[in-house]
Amino acid sequence: MESKVYVNGQLHDRADAKISVFDHGLLYGDGVFEGIRSYEGKVFRLEAHVRRLYDSALGIRLAIPMTPEDMAKAIVGTLEANHLKDCYIRVVVTRGEGTLGLDPNRCANPNVIIITDKISLYPPELYENGLDIITAATMRNHPNAVNPRLKSLNYLNNILAKIEAIDAGTLEAVMLNHLGYVAECTGDNLFIVRDACLFTPPTAAGILEGITRNEILDIARGRGIQVREENLTRQDLYVADECFLTGTAAEVVPVVRIDKRPIGTGKPGPITKQLAEEFHRRTRA
Ligand code: PMP
């Protein structure tokens, strides 16, 4: 059966789900999005994702033409219409069709799109053996330019770093912020463990406040693991006992090498495994 895509309140076959080439989402990356996941037919942390979507929209002064409650219903409805249980859900809200000029006021109607798809993950052996990553030369967007807390359709900053990762023969790259501190990876947040304490950059470092990140912080606190949201340097990464990444699609992925340097024992660490297992339980609960 062909998948159905939600566009402005209607479900279309994938091939018929279309918007204008004059949409400012396409012309200028003017819009916001969310990446959400369902497990066994249930959307994980739907409210948090919808809230972040509306916060991102507020950040770019885009009025989403429906209430958050109706958005949540539309997401669940699209999922059900596609008869998918474990899937990835992409919600996109663009500024809408306008003119070739920048003026967002020329765009009368934002477009709301909901796509559901099979989840595509890192290969399973990476969860066992860990990921090899590099530090990108491309720095994360300055928070006073386009704040990385906004999940906007402008992902070129991340794509440039992703290209560096691929060119280096790796799958991910750590991005540093304008001060030289660790920000995040191109599509995931980063954590390290040192002396049994969990560290991750604060949101003020210029990162997306990941929903998986917040879940991991909650799990760690609940288990009595000491947690510190602190600025980290590359040196902090190199001397860490453990390192892992978090994201909706990736979940919790161990990192075993950064810039060709082994992290800790060079194998996924025990605290990483413990947190990943508990996260797995929560998603399937
Ligand atoms: N950072 C960036 C830049 C991201 O795009 C994402 C989402 N893929 C994340 C972190 C992780 O956020 P979440 O856990 O909410 O998916």
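Which residues does Leu121 touch, not counting residues up to four places away in sequence? Leu121 touches Arg37, Tyr127 and Ala249, where a contact means heavy atoms within 4.5 Å.

## Basis of the model

This is a predicted model, in which local features need pLDDT of at least 70 and side-chain atom pairs count only at pLDDT 80 or more, while totals for chains, interfaces and linings use all residues. Residues are numbered from 1 along each chain as its sequence is written, and side-chain values use heavy atoms, with hydrogens and water left out.

## Leu121 and its loop

Leu121 is found in the loop between strand 6 (111-118) and helix 4 (124-129). Helices (H or I, at least four residues) and strands (E, at least two) are DSSP runs, numbered from the N terminus. With a relative accessible area of 42%, Leu121 is partly exposed; buried means under 20%, exposed over 50% and partly exposed in between, with a 1.4 Å probe and protein chains only.

Leu121 and Glu251 are 130 residues apart along the chain, and their C-alpha atoms are separated by 9.1 Å.

## Helix 2 against helix 3

Two packed helices are described by the angle between their axes and the distance between the axes. Helix 2 (residues 46-59) and helix 3 (residues 68-81) pack at about 125°, with axes 10 Å apart. That angle makes helix 2 oblique to helix 3. The axes are lines fitted to C-alpha atoms, for helices over the stretch in contact, and angles run from 0 to 180 degrees between N-to-C directions. Angles under 35 degrees count as roughly parallel, over 145 as roughly antiparallel, 65 to 115 as roughly perpendicular and the rest as oblique.

Helix 2 passes helix 3 in a right-handed crossing. On the helix 2 side the contact is made by Leu46, Val50, Leu53 and Tyr54, and on the helix 3 side by Pro68, Met71, Ala72, Ile75 and Val76. A crossing is right-handed if the near helix is turned clockwise from the far one by less than a right angle, and left-handed if anticlockwise.

## The two sides of helix 3

Helix 3 has 14 residues and reaches 20 Å from its first C-alpha to its last, close to the 20 Å expected at 1.5 Å a residue. The expected span is 1.5 Å times one less than the number of residues. Its buried residues are Met71, Ala72, Ala74, Ile75, Thr78 and Leu79. They lie on the same side of helix 3 because they cover an arc of only 160° around the axis, the arc being that of the directions from the helix axis to the C-beta atoms.

The face turned away from this buried side carries the exposed residues Glu69, Lys73 and Glu80. Just after helix 3, His83 takes a positive phi of about 50°.

## Helix 5 and Asn158

The twelve residues of helix 5 should span 16 Å at 1.5 Å a residue, and the end C-alpha atoms are 16 Å apart, which agrees. Asn157, Asn158, Ala161 and Ala165 are buried in this helix. They cover an arc of only 90° around the axis, so they sit on the same side of helix 5. These buried residues pack against strand 7 (131-135) and strand 8 (172-176). Leu156, Ile166 and Asp167 are exposed on the other side of helix 5.

Asn158 lies in helix 5 (residues 156-167) and has a relative accessible area of 3%. Leaving aside neighbours within four places in sequence, Asn158 is in contact with Arg140, Met175 and Thr186. Just after helix 5, Gly169 takes a positive phi of about 80°.

Helix 8 (residues 270-284) has 15 residues and reaches 21 Å from its first C-alpha to its last, close to the expected 21 Å. Ile271, Thr272, Leu275, Glu278, Phe279 and Thr283 are the buried residues of helix 8. Their arc of only 140° around the axis puts them on the same side of helix 8. What covers them includes strand 3 (31-39), helix 6 (211-222) and strand 14 (251-258).

The axes of helix 6 and helix 8 come within 10 Å and cross at roughly 110°. That makes helix 6 roughly perpendicular to helix 8. The contact is made by Thr212, Glu215, Ile216, Asp218, Ile219 and Ala220 of helix 6 and Leu275, Glu278, Phe279 and Arg282 of helix 8.

## Positive phi in two loops

Asn8 is not a glycine, yet has a positive phi of about 50°. Asn8 lies in the loop between strand 1 (4-7) and strand 2 (10-13), and at 40% relative accessibility counts as partly exposed. Asp259 lies in the loop between strand 14 and strand 15 (261-262), with a positive phi near 50° in a residue other than glycine.
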